[in-house]
Amino acid sequence: MAQHTEPDQLPEELVGPLERGLAVLRAVAAGPGTRHRPGDLARTTELARSTVDRVVTTLLRLGYVRAEERDLLLAPRAAELGNAYLSSTGLPEAVGPHAVALADELDESVSVAVPDGDGVRFVAQAARRRAMAISFRAGDVLPAERCAPGALFAAGWGDAEWGAWRERHLKDPLDTAFPAVPPRTPTASASVSDAVESDFQDRAGRSREDGWAADDQLIEAGLIAVALPVRDTAGAVVCAVSVVSHTSRHDVESLARVALPPLRAAVAAMETALAAAPAAEGAAPPTDPGSTALKEELGSGFLQSLARGLDVLCAFGAVRGPARLTEIARLTGLPRATARRSLITLRHLGYVREDEDGFRVLPRVLELGHARVSGLTLVEIATPHLAELVLRVHESASVAVLDGEDIRYVARVASSRIMHIDIRVGTRLPAYATSMGRVLLGALPEEERAAFLAGVTPEALTPRTVTTPEALAEAVTDTARRGYGWVEQELEEGLRSLAAPVTDGRGRVVAAVNVALHAGRHSEEESLTALLPHLLETAAAISADLAAVTRWSPVRVS
């Protein structure tokens with residue numbers, strides 16, 4: 001196995017801008033709030049303000065963060081870094097569907113976690129929607145001693161791993177470095193830490209003997225779980241699957257009795273799927289990522305080596321398992337020497353490991369904002385783009401989804417005109433008479449679309465409303481063919497609307513975005529010429545963000 005650089009030994013080929021850029025991105029992701037100021041980031045990272053400004057400029061142009069006035073927020077594109085790790089493991093495709101099926105069978109939440117040093121990092125969850133819900137996100141990390149998967153992973157630890165765990169626990173006995181779990185109750189007693197270690201070692205030993213582990217309210221009062229390991233073809237543990245419940249429904253014994261048999265069957269199916277996993281299908285970064293053009297445009301304000309390092313991280317998403325240097329260089333379009341320096345830096349920071357068969361991206365990459373952005377809703381993703389659209393066209397813009405025979409408005413930004421379209425989030429309108437409705441109907445499979453149109457009885461809302469089945473079917477077909485919807489005063493006299501589809505990462509239309517205006521302001525041709533390019537650009541931007549966020553995580557509407 002290749003020799004690793006020791007944490008306190010700086011490699012000679014360390015790429016400083018990449019190291020500093022990841023420190024800033026990590027600070028944005030790990031802060032107590034979602035909004036950050038550059039000055040706050042400078043204090044958190046202990047970097048010079050001028051350095052932080054250059055990093056922020058670069059991350060803004062690359063799309064990993066976005067700005068709202070003076071505040072900085074993680075942008076959906078940050079999910080691409082975590083997606084690269086998840087794609088490289090093959091876990092989402094092999095394990096995810098079986099986790100969902102198990103959750104449906106047991107009507108309990110199911111989580112999938114991987115070892116991450118002396119912690120346990122969640123990579124997938126099939127949650128049950130209850131008033132008392134489990135709120136872990138893909139990317140969240142827990143101390144190993146406070147969850148069932150931790151005991152399973154620790155069962156295979158040696159002296160070095162136990163020593164690293166002990167050092168961390170003594171430095172942070174209250175678990176303040178793990179924001180996903182409630183901190184422990186403060187105590188000055190050294191015997192408490194000894195008791196925690198003894199209990200953890202006992203549970204690790206029992207899990208080694210029994211083949212499964214339990215969590216009896218270790219994370220939080222009332223929360224219980226049982227977990228089994230998932231192994232690769234060589235017998236190594238690659239992840240753990242937990243069935244999570246509450247003491248109002250089970251105690252640990254009854255949960256184990258009910259959950260372990262189907263959990264064992266699910267794990268067997270997961271291991272079979274992992275063994276047969278195909279090559280990765282993650283999107284590789286372009287071979288000409290454009291950082292050279294941005295460098296020429298922005299000069300010293302753009303950190304090209306940071307951009308290239310992030311491209312290297314994303315390249316792992318196109319490779320299953322380890323990747324050779326030559327493969328990373330080919331995927332990124334970078335010279336081998338440049339790719340190698342980025343990999344050395346990423347290895348030093350703990351995001352990549354070098355083995356005899358190549359480089360592997362590690363789960364620590366998920367700390368770069370994946371937990372936050374993978375939980376974004378459609379509304380949260382779309383609203384900033386709607387605001388930008390309204391600033392450009394000076395008309396109100398909205399996003400809607402199909403809900404029965406209606407469209408339902410889920411996001412909206414109104415224009416500042418004295419006379420504007422007064423529609424609120426939650427409003428429902430008949431799909432047949434709206435531009436967004438026709439976009440959404442046009443995206444339905446032909447049989448489903450035909451059934452919908454056959455079951456609706458259009459009402460003449462204005463003299464222009466299309467009401468005959470033949471004309472309505474033709475209008476929906478035309479909308480699907482041309483790629484945008486146009487409705488001229490069919491819903492209400494004087495109301496003109498233009499809409500475009502919003503797609504997810506698999507190309508499925510999941511929503512529509514529109515611009516609505518008074519028909520008397522411009523001719524139809526003038527409105528189409530002025531609005532359509534901006535509308536299509538906004539739909540593409542929302543779709544790109546959705547593709548990043550929904551690559552391995554389902555997205556909620558709101």
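Rings of Phe, Tyr and Trp, the last by its six-membered ring, count as a pair if their centres lie within 6.5 Å. Keep that cut-off in mind for the first stop. The model on screen is predicted.

**Stop 1: the aromatic cluster**

Select W157, W162, W165 and F200. These four residues form one aromatic cluster. A search of the whole structure finds five aromatic pairs.

W157 sits in the loop between α6 (148-154) and α7 (159-171). F200 belongs to helix α8, residues 190-210. Are W157 and F200 buried or exposed? Both W157 and F200 are buried.

**Stop 2: arginines over tyrosine rings**

Select R364 and Y351. The charged end of R364 sits over the ring of Y351. The distance to the ring centre is 5.4 Å.

Move on to R482 and Y484. Here R482 lies over the face of Y484, and the distance to the ring centre is 5.0 Å.

**Stop 3: α1 against α11**

Colour helix α1 (residues 16-30) and helix α11 (residues 304-315). They pack at an angle of about 70°, and their axes are 8 Å apart. An angle of 65 to 115 degrees counts as roughly perpendicular, and α1 and α11 are therefore roughly perpendicular to each other.

Which residues make the contact? On α1, show P17, L18, G21 and L22. On α11, show S305, L306, G309 and L310. By class, this contact of α1 with α11 holds five nonpolar residues, three polar and no charged ones.

Stay on helix α1 and pick A23, which is found there. Its relative accessibility is 18%. Buried means under 20%, so A23 counts as buried.

**Stop 4: α12 against α13**

Switch to helix α12 (residues 325-332) and helix α13 (residues 336-348). The packing angle is about 110°, with the axes 9 Å apart. That makes α12 roughly perpendicular to α13.

L325, T326, I328 and A329 come from α12. They meet R336, A339, R340 and L343 of α13. What classes do the residues of this contact divide into? The contact of α12 with α13 has five nonpolar, one polar and two charged residues.

**Stop 5**

Most residues other than glycine have a negative phi. The last two selections have a positive one.

Go to E46, in the loop between α2 (38-45) and α3 (49-62). Phi of E46 is near 60°, a positive value in a residue other than glycine. E46 has a relative accessible area of 72%. Exposed means over 50%, so E46 is exposed.

Finish at H394. It lies in the loop between α15 (378-393) and β11 (396-403). Phi of H394 is near 60°, also positive in a residue other than glycine. How exposed is H394? With a relative accessible area of 49%, H394 is partly exposed.

How values were computed: Residues numbered from 1 in each chain as written. Predicted model: local features only at pLDDT ≥ 70, side-chain atom pairs only at ≥ 80, totals over all residues. Heavy atoms only, no water. Phe/Tyr/Trp six-rings, centres within 6.5 Å; stacked < 30°, edge-to-face > 60°. Helix = DSSP H or I, 4+ residues; strand = E, 2+ residues; numbered from the N terminus. Buried < 20%, exposed > 50% of the residue type's maximum accessible area, 1.4 Å probe, protein only. Lys NZ or Arg CZ within 6 Å of the ring centre and 35° of its normal. Axes fitted to C-alpha atoms, helices over the stretch in contact; angles between N-to-C directions. Parallel < 35°, antiparallel > 145°, perpendicular 65-115°, else oblique. Contact = heavy atoms within 4.5 Å. Nonpolar A, V, L, I, M, F, W, Y, C, P; charged D, E, K, R; others polar.
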